[in-house]
Amino acid sequence: MTSPKQMPRPLPGQPHQTLDVQESSSALAADASEMFVQLTRQANREGRPFRVALAGGTTPKLLYGLLASDTFRHDVPWNNVEFFFGDERWVPHTHRDSNYKLANDNLFKPANLDPDNIFPMPTEGVQPKEAAAQYEATLRRVFGLEDGQLPHFNLIFLGMGDDGHTASLFPYTEALDETDKLVAANYVKKFDTYRITLTAPVLNAADEVLVLVSGESKAPALKAVLEGDYNYEEYPSQLLRNAQGHVTWLVDRPAASLLGEDEEEGEDSEGDTEETRQQKA
């Protein structure tokens, strides 16, 4: 039996974070597109630029395709939108794993966007730490920052991995504790490579953060991130509990399947075995 659609709700003890459960990844992309359109149009009416940081992954690909489609493309004041990236893999921009290539192929080119409004992270002809420093300099220039100031993105799109990472802030990596830099070259041991990533203070300074989480494989990590004890080293996405703006967790039902499980198990009869409870989950 299909469960009724849930209304977005604040997370317990975290009123600045909202959980919104949808039926599918395509529904996530549609909701995210609508949010993007509304926020960009509001900024345009108020005469201010709209600055957004993009993510990589399967769900953002659906989002980019929708934004470039006839359904949404004509509703966005594109000339007023400036695009940045939350993180980037250490590959050329032409590589299939590049977050820039994903956005370029599915959004920038199809919507015929102005390259002057697009700010990719450099990954060629420089070393990782130099690339991070260059991108930080770009942020400081575009946002007009002085020493000690943080960029305030209007919107940051994020995803979450099976291990609870977000952007390229992976479990037990050095960048998790970075508080001075805006951008870090983060070495990720399990991939034996660097990733370039915005740091937690930048993510948490945004007006709006939209975290797209899709798939049953994400369910255990999502439960730990949203309902578990605070342990950001193991589950870096918990760093968003420190956000100054609003965080929306836009997740599909498979990813949300374990949320609230403890409360449901508390209603089991005393005769239920562990095997029985697992079958019910």
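**Reading the sheet and its helices**

In this predicted model, strand β6 (residues 155-159) pairs with strand β9 (residues 208-213) in the parallel sense, over 4 bridges.

Q: OK, zooming out: in what order do the strands of the open sheet run?
A: There are 7 strands, and you read across them as β1-β2-β10-β9-β6-β3-β4, with mixed pairing. From one strand to the next, the twist averages 25 degrees.

Q: Which strands does helix α4 lie across?
A: Look at residues 128-143: that's α4, and it lies across β3 (50-54) and β4, running at about 160 degrees to β4. Then there's α6 (residues 219-227), which also packs on the sheet and touches β1, β2 (14-22), β9 and β10 (246-252). The direction of α6 makes about 155 degrees with that of β10.

Q: And helix on helix: at what angle do α1 and α2 cross?
A: Roughly 50 degrees, with the axes of α1 (residues 25-45) and α2 (residues 58-68) coming within 8 Å. The two helices are therefore oblique to each other, and their crossing is right-handed.

Q: Which residues of α1 and α2 meet there?
A: On the α1 side they include L28, A29, F36 and V37; on the α2 side, L62, L63 and L66 are among them. By class, this contact has 10 nonpolar, 4 polar and no charged residues.

Key. Residues are numbered from 1 along each chain as its sequence is written. This is a predicted model: local features need pLDDT of at least 70, side-chain atom pairs count only at pLDDT 80 or more; totals for chains, interfaces and linings use all residues. Side-chain values use heavy atoms; hydrogens and water are left out. Axes are lines fitted to C-alpha atoms, for helices over the stretch in contact, and angles run from 0 to 180 degrees between N-to-C directions. Angles under 35 degrees count as roughly parallel, over 145 as roughly antiparallel, 65 to 115 as roughly perpendicular and the rest as oblique. A crossing is left-handed if the near helix is turned anticlockwise from the far one by less than a right angle, and right-handed if clockwise. Contact means heavy atoms within 4.5 Å. Ala, Val, Leu, Ile, Met, Phe, Trp, Tyr, Cys and Pro count as nonpolar, Asp, Glu, Lys and Arg as charged, and the others, Gly among them, as polar. Two strands pair if DSSP finds at least two bridges between them.
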